[in-house]
Amino acid sequence: MNNDATMIFRRRAEAAKAKQMLSRQERNLQKILDSIYTGNCCRVLGPRHHSKSKLMRRAVGRLNEAGGHYAVYLRLADIQRENEAQFFTHLYEVIRENLPPFLAAVRLEGCETAVAFQYALVEWSRQSDRNLTLFMDSLEMAPPNLVASLLGALRAAFTMVVNQPGAHFQAVVCGSLSLSQVALDNASRFESISDLVLVTELDAQERLAQARLLCQMAGPDANGRRAASAVGANGRRPIFD
């Protein structure tokens, strides 16, 4: 093997080793960012209490710091969801409040349906000087029919601008459920245009942080018992749910 080939092999081996040394959170963060920078949508799925929301907020921060995207984070748990009209109206207003002023000025009246919401996303993207990326957390908090309508609108907005010049629209959705559990067509269609980031095992640092949180929630009398249960004598992953 010549010197050039040897050097290339060593660099690849070093890069692979460095990637393995990253924490689980950092690896998953990089997967989300890679998906966005590739131009795709993304879905982040996994059990509860696995720092998915923290992961989403970190990705939003990275994108906004880099300056190539307007990234907006919101939780469906904070969105009114009694019916479709209330859901999409409130969702539209929350997103608009978090956009730059020149985009927030682009106001559409009567955004009460999935179709109207879809066209609002497209219009914001067309008026923007950067890609618009929505991070939607706690997907499981909304009724399945509204989740399906939302995923359909996100997919439609993405496909309407993906091959057009100028800024594009992208979405990152996050939940504690598989999209197949929604059991409606729009869910599987969104899967076809999104990359999957599966959040599973906690690393040692995250297990310790989770144990401390559980201790705080349980109170001082249960600290010792909860910490031992959460971290485990052998350091293996605890069951929090």
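This is a predicted model: local features need pLDDT of at least 70, side-chain atom pairs count only at pLDDT 80 or more; totals for chains, interfaces and linings use all residues.

**Ground rules**

I call a residue buried under 20% relative accessible area, exposed over 50%, and partly exposed in between, using a 1.4 Å probe and protein chains only. I number residues from 1 along each chain as its sequence is written, and side-chain values use heavy atoms, without hydrogens or water.

**Leucine 108**

I began with leucine 108, which is partly exposed with a relative accessible area of 32%. I found it in the loop between H5 and H6; helices (H or I, at least four residues) and strands (E, at least two) are DSSP runs, numbered from the N terminus. Contact here means heavy atoms within 4.5 Å. Not counting residues up to four places away in sequence, leucine 108 touches Tyr92, Tyr119 and Ala120.

**The whole protein**

Next I took the overall counts. I have 10 helices and five strands. Of the 241 residues, 41% are buried. Among contacts between residues at least 6 apart in sequence, 75% join residues at least 24 apart.

**The sheet**

In what order do the five strands of the open sheet lie? I read S2-S3-S4-S1-S5, with parallel pairing. S2 (69–75) and S5 (194–198) stand at the edges with a single partner strand each, so one side of each has no neighbour in the sheet. The twist averages 15° from one strand to the next; axes are lines fitted to C-alpha atoms, for helices over the stretch in contact, and angles run from 0 to 180 degrees between N-to-C directions.

I count two strands as paired if DSSP finds at least two bridges between them. S2 and S3 pair in the parallel sense over seven bridges, and tyrosine 70 has leucine 132 in S3 as its bridge partner.

**Glycine 68**

Glycine 68 sits in the loop between H3 and S2 and is partly exposed, at 36% relative accessible area. Leaving aside neighbours within four places in sequence, I see glycine 68 in contact with Leu63, Arg130 and Asn131. Glycine 68 and leucine 132 are 64 residues apart in sequence and 9.1 Å apart in space, C-alpha to C-alpha.

H6 (residues 114–127) lies across S3 (131–137) and S4, running at about 140° to S3. H6 reaches 20 Å from its first C-alpha to its last, close to the 20 Å expected for its 14 residues; the expected span is 1.5 Å times one less than the number of residues. Its buried residues include Phe117, Leu121 and Trp124. What covers the buried residues of H6 includes H4 (84–97), H5 (101–104), S3, H7 and S4.

H7 (residues 144–161) has 18 residues and reaches 26 Å, close to the 26 Å expected. Among its buried residues I noted Leu146, Leu150, Phe158 and Val161.

Serine 35 lies in H2 (residues 24–38) and counts as buried at 3% relative accessibility. Not counting residues up to four places away in sequence, serine 35 touches Asn40, Cys41, Cys42, Gln170 and Asp195.

Serine 138 is in the loop between S3 and H7 and is buried too, at 8% relative accessibility. I flagged its positive phi of about 55°, as serine 138 is not a glycine.
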